[in-house]
Amino acid sequence: MTGNQSSAGHLLRLIRGGQATTRGELQRATGLSRSTVGHRLDQLFGAGWIRDGATVPVGGPAGGRPSNRLEFDGSHAVVLAVDVETRHGLAAALDLNGRVLAEHTGPLNIEDGPENVIDRVARWFPPLLERAGAGPGDVCGIGVSVPGPVEWESGQVVQPPIMPGWDRYPIPERMRRAYLRHTGADGEGPVVLVENDANLMAYAEQRTGWRDCGAFLLVKVSTGIGAGLVVDGEMYRGIDGGAGDIGHIRLHDRPDALCMCGSYGCLAAVASGRALAARLTGSGIPAASGTGVRELLAAGQPDAVRLAREAGRRVGEVLVTVVTVLNPGVLMIAGDLAGAPFVTGVRELLYQRAMPRSTAHLTVVTSRLGERAGLVGAGAMVVEHLYAPERADARLAAMGL
């Protein structure tokens with residue numbers, strides 16, 4: 001742990017994580033005196049960040065006065081989450097515990113460029129907030145999920161293969177401006193954080209269903225192919241946000257397959273939803289995108305089923321190496337193609353070619369959160385950022401607490 005471990009922000013982390021949820025537990029966990037703990041809690045109560053919950057009986061033969069369990073008050077602010085897909089977008093207002101208060105899905109085309117897409121998304125915010133029973137001043141942050149590699153410090157996408165015109169575009173600044181313009185909010189506007197979609201999906205799925213898994217791998221197969229990795233509860237981004245870009249690993253036997261990145265033979269050019277849509281359309285079965293392929297799969301269309309299984313096998317070829325290197329406990333398949341045919345193909349190649357040691361403790365599953373995964377992950381990212389101990393302490397100081 002870093003920073004002042006006796007600060008109000010540190011106590012808040014203990015309360016939010018469930019490690020210490022009464023005044024006595026906080027004293028024991030920190031070594032602070034009763035009066036100091038009381039002062040720190042007064043700061044958190046003053047900000048409206050915590051509240052008293054149910055009473056906790058005191059054990060032991062001597063008994064004692066029951067204590068109030070302290071809880072993080074997830075209702076004191078709202079997070080807006082945005083999931084930008086290639087052909088549509090999703091937005092939601094969430095409380096700070098991740099509960100969806102209102103949501104919206106609407107068409108957009110990522111190829112229209114960042115100005116148009118951001119403006120359209122920001123127009124969704126006022127009705128979302130109204131349905132959530134919140135106002136512009138209640139929003140503490142906006143989390144944005146995008147289908148491309150993101151440089152975390154700047155919030156900019158870097159050389160995104162399926163996002164033409166977005167390279168190094170200042171998404172946080174422009175989203176903040178659009179929010180202020182369309183909501184009429186005062187001040188500088190909320191913090192805006194941007195992250196890769198597969199990373200956020202992995203973050204959400206691991207937190208909600210696989211908290212005990214120390215190495216969690218999610219592979220999203222939709223228009224493109226990408227992976228998100230969560231290690232010890234934290235997103236693993238690599239040194240500049242490029243970790244998990246498995247869609248651009250080259251296949252040795254497909255030098256003819258032109259990828260959107262400009263190279264030939266990429267996995268995404270062969271096994272993505274876009275690639276399957278093109279093959280189906282070329283054979284007389286119209287499918288405009290990965291979403292179209294998903295609809296054909298849901299209808300049991302034989303050619304779509306066959307191609308999805310083949311695509312699963314091609315992705316499985318790459319995952320043999322990925323799983324061997326990372327040794328995850330859970331491999332989750334998500335996205336438009338994440339159905340039985342595709343997953344069957346992945347399993348066939350993975351268990352056939354990987355060393356038994358690499359898969360002995362591996363669980364292969366599909367998404368639990370579905371299309372909400374990116375939204376839930378984006379909301380959680382904002383909350384963890386704003387309420388991290390040092391940042392929480394700085395915010396309390398700015399409030400005069």
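Predicted model: local features only at pLDDT ≥ 70, side-chain atom pairs only at ≥ 80, totals over all residues.

Helices (H or I, at least four residues) and strands (E, at least two) are DSSP runs, numbered from the N terminus. With those labels, helix H1 (8-17), strand E4 (88-95), helix H7 (197-209), strand E12 (234-235), helix H14 (373-386) and helix H15 (389-398) each supply at least two residues of the lining of the largest pocket.

**Largest pocket**

- The largest pocket holds about 1100 Å³ of space, and its lining is made up of 36 residues, among which Arg16, Tyr203, Arg207, Glu234 and Glu384 lie nearest the centre.
- H14 gives the most to the lining of the largest pocket, contributing seven residues.
- Sorted by class, the lining of the largest pocket comprises 17 nonpolar, nine polar and 10 charged residues.

**Second largest pocket**

- In the second largest pocket there is about 530 Å³ of space, and 35 residues line this pocket, with Ile162, Thr223, Gly224, Ile225 and Ala268 lying nearest its centre.
- Two or more residues of the lining of the second largest pocket come from each of H7, strand E11 (225-231), helix H8 (267-271) and helix H9 (273-282), and H9 provides the largest share, four residues.
- The lining of the second largest pocket consists of 16 nonpolar, 12 polar and seven charged residues.

**Cavity**

- When the whole structure is searched, one cavity of 30 Å³ or more is found, and the space in the largest cavity is about 30 Å³.
- The residues that line the largest cavity are Thr86, Arg87, Asn109, Ile110, Glu111, Ile162 and Arg274, which divide into two nonpolar, two polar and three charged.

**Sheet with the order E5-E4-E3-E6-E9**

- Five strands, in the order E5-E4-E3-E6-E9, form an open sheet whose pairing is mixed.
- Strand E5 (100-107) and strand E9 (191-196) are at the edges of this sheet, and each has a single partner strand, so one side of each is left without a neighbour in the sheet.
- On average, and with direction ignored, neighbouring strands of this sheet are turned by 15° against each other.
- Strand E3 (residues 78-84) and strand E6 (residues 139-146) run parallel and are joined by six bridges, with Val82 standing opposite Val144 in E6.
- Helix H6 (residues 171-183) packs on the sheet and touches E3, E6 and E9, while its direction makes about 130° with that of E9.
- E6 also pairs with E9 in the parallel sense, over six bridges, and here Gly141 stands opposite Val191 in E9.
- Although E9 is an edge strand, five of its six residues are buried, so E9 is largely enclosed by the rest of the structure.

**Sheet with the order E12-E11-E10-E13-E14**

- A further open sheet of five strands has the order E12-E11-E10-E13-E14, and its pairing is mixed.
- E12 and strand E14 (363-366) are the edge strands of this sheet, each of them pairing on one side only.
- Strand E13 (residues 330-334) pairs with E14 in the parallel sense over four bridges, and Ile333 has Thr366 as its bridge partner in E14.
- H7 lies across E10, E11, E12 and E13 and runs at about 45° to E11, and helix H11 (residues 302-326) packs on the sheet as well, touching E10, E11 and E13, with its direction at about 160° to that of E10.

**Val219**

- Val219 is found in strand E10 (residues 215-221) and is buried, because its relative accessible area of 0% falls under the 20% cut-off.
- Leaving aside residues up to four places away in sequence, Val219 touches Ile225, Gly226, Ala227, Ile246, Leu319, Leu331, Met332, Ile333 and Ala334.
- Val219 and Ser367 are 148 residues apart in sequence, while their C-alpha atoms are 9.8 Å apart in space.

Conventions. Residues numbered from 1 in each chain as written. Heavy atoms only, no water. Buried < 20%, exposed > 50% of the residue type's maximum accessible area, 1.4 Å probe, protein only. Contact = heavy atoms within 4.5 Å. 1 Å grid on protein atoms, 1.4 Å probe; cavity = no way out; pocket = protein on both sides within 12 Å on 5 of 7 lines; lining within 4 Å. Points joined across faces, edges and corners; volume = space filled by probe spheres on them. Nonpolar A, V, L, I, M, F, W, Y, C, P; charged D, E, K, R; others polar. Pairing = 2+ DSSP bridges. Axes fitted to C-alpha atoms, helices over the stretch in contact; angles between N-to-C directions.
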